[in-house]
Amino acid sequence: MTVQSIMTAKPLTLRSDDTVARAAELMLGHRYLILPVVDADGRCAGAFDMWDLLALLLPKAATLDHLVPDLGFLGDDLPNLQAKLKEIGGQPVGPLARPDLPLLKPDMSVVEALLLLYRNRTTLPVVDADNCVIGVLSYWDALAAIANKK
Amino acid sequence: MIGESASGVWLGWDPLWVSTALLIATYGVIMTERVNRAIVALVGAGLMILTGVLTQKQALAGEDFNTLALLIGMMLLVAVSRKSGMFQYLAIWSAKAAKGRPWAILALLTLVTAVVSALLDNVTTVLLIAPVTLVITEQLRVPPYPFLFTEILASNIGGTATLIGDPPNIIIGSAAGLSFNDFVVNLTPVIVIVLAAQLLVNHLIWGRALRVDETARTRIMAFNPRQAITDWPLLRKSLLVIGLVILAFILARAIGLEAGSIALSGAALLLLLDNLGRPAEEQTHRLNGVFSEVEWITIFFFVGLFAVVAGVEHAGLLDWFAGQILSATGGGAAATALVILWASALLSAIIDNIPFVATMIPVIKSMAPTFGGPEGLLPLWWSLSLGACLGGNGTLIGASANLTVAGIAERAGIPFRFMTFLKLAFPMMLMSIVISMVYVYVRYLT
């Protein structure tokens, strides 16, 4: 069995020029944690995930290791966070997309894909020979296949 | 002293040449930064013994255990007390006390950095203050560079003010028998002037450019500094022990204690208070964490370095070097002090000031007969300290605190370039040395 047979085909993707606001809307609407980002030719340019989004909302220094122990001192700042979301909403996701995420190939074995899912702890894009996104493989997809539920 | 050490140097070579070659090689390799400095110093120390320049006994006699104990003790105290959030509290309190006005925040953060650096090591200080500064400036929507820049300068300037503020002072104090109070009485006054001058220049450069709107100030005024304290019982214990340690430093002569004993005993007391009543396994776990925060690289760097310096000292190189300085300055106290001040400032801007100071200590000590005994050496010790500590502000690689801040800034996406830093920092370092020169001259040499 290969990745192609268990992946979710034709997944929802973001274009490089889509905005952070659009990404947030799709993530929230579909409860997705990660979306592949494709360039104008449909080639995979990385992925934008929930943690990338949260990092944009937080003070930058607080996202670096454990340099700032906590942010309790900032007080109640939901309005600030809402303002921040508006502020960052117009940025394109292209430059923010993580290019270092490993990409799965359709003919990859399930066990190999499982190892990559385990190591990266996130859904991974599946690309063809031209680097075009043809699917995604989540741990739900993998577990469903292994448990014979798919 | 020449020949005293050599029970048999390799192939009958002259110990003076062998030890000089080893010292130059050690310095050279440290400067390339290709091999970790602790490894280089330990290899250098090993070779001093293996080549027969020193016996193991002589190498051990060269170790300054008072310095090592003081460093380890203070590192342990910081490792435990920082977990209470007290240092973040100070930074956040500054922002609020300044009522969100950016220039006032910058000035207060500079003061906090200088005072904390005077009592703790500089790297730890900036490691605690710089990240909070980034959060504050982000809330203010002002460029963080001026804040981080002044904090770097303040940490090196503040560190110069006390015996425990900067490693060069620790070694100078230990080797010359100068107490915590000696440093406070002799160096703190000039440090206050240098810090004020530095703030004034920074205000001229950046003061007007730092403007914020009312919303940003409201965000700062909403800060709750008390929330930064993560462990109240630990805070109380830490304040108690740090207070006792500082009191003991002040009374050191009267109670007949060396700085190393005070710092290590303080660390032991805080560890005891923090672990008392916890299960044995938890104590082991916590201690492993605390001990891993001691900068062993720095400690072993010192261990190696002391032996390397002992090697050249035994072989007679440093006596020869002291003679050269004295003949160049004509044996005049003023000229010698000023040469030491300027040479240590300029060299410390480009090389590590610790090996430089460790080498200069025996050189200065051997000048005692020329200047009428140890008392006559005082202006030289203060010149060495001021030059070596303040010189670190000259370039981005001049002191570890500079590189620490630059590293944090770069990771947060704020460029910290060598030349950009140099253009402002080097003239400001020169200004601080001119102030120090006038101070040393007026106070000790006229």
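Q: How much area do chain A and chain B bury between them?
A: In this predicted model, the size of the interface can be stated as lost accessible area, as is often done for interfaces. Of the area buried between chain A and chain B, 62% lies on carbon and sulfur atoms. The total for the two chains is about 1,600 Å².

Q: Which three residues supply more of the area that chain A buries against chain B than any other three?
A: The contact takes 18 residues from chain A and 21 residues from chain B. Within the share of chain A, one set of three residues supplies 37% of the area buried against chain B. These residues are A:L67, A:F73 and A:L74.

Q: How far apart are the closest N and O atoms of B:R141 and A:E87?
A: Across the interface of chain A and chain B, 2 salt bridges are found, and the pairing of B:R141 with A:E87 is a salt bridge. The side of chain A that touches chain B is made up of 10 nonpolar, 3 polar and 5 charged residues. For B:R141 and A:E87, the closest N and O atoms are separated by 3.1 Å.

Q: How far from A:C44 is the nearest cysteine sulfur?
A: The count of disulfides over all chains is 0, and A:C44 accordingly is in no disulfide. A disulfide requires two cysteine sulfur atoms within 2.5 Å. The nearest cysteine sulfur to that of A:C44 belongs to A:C132, at a distance of 9.4 Å.

Q: Is A:C44 buried or exposed?
A: The cut-off for a buried residue is a relative accessible area under 20%. A:C44 has a relative accessible area of 11%, so A:C44 counts as buried.

Q: How far apart do the C-alpha centres of domain 1 of chain B and domain 2 of chain B lie?
A: Domain 1 of chain B consists of 2-61 + 295-444, while domain 2 consists of 66-159 + 189-197 + 209-291. The contact between them takes 35 residues from domain 1 of chain B and 30 residues from domain 2 of chain B. Their C-alpha centres lie at a separation of 28 Å.

Q: How many residue pairs in polar contact are found across the interface of domain 1 of chain B and domain 2 of chain B?
A: These two domains of chain B bury about 2,800 Å² between them, with 84% of it on carbon and sulfur atoms. Salt bridges across this interface number 0. For residue pairs in polar contact, both at pLDDT 80 or more, the count is 4.

How values were computed:
Residues numbered from 1 in each chain as written. Chains lettered and ligands numbered in written order. Predicted model: local features only at pLDDT ≥ 70, side-chain atom pairs only at ≥ 80, totals over all residues. Heavy atoms only, no water. Contact = heavy atoms within 4.5 Å. Buried area = accessible area lost by both parts, 1.4 Å probe. Salt bridge = Lys/Arg side-chain N within 4 Å of Asp/Glu carboxyl O. Nonpolar A, V, L, I, M, F, W, Y, C, P; charged D, E, K, R; others polar. Buried < 20%, exposed > 50% of the residue type's maximum accessible area, 1.4 Å probe, protein only. Domains from an automatic or database assignment. Polar contact = N/O pair within 3.5 Å; in protein donor to acceptor, adjacent residues only side chain to side chain.
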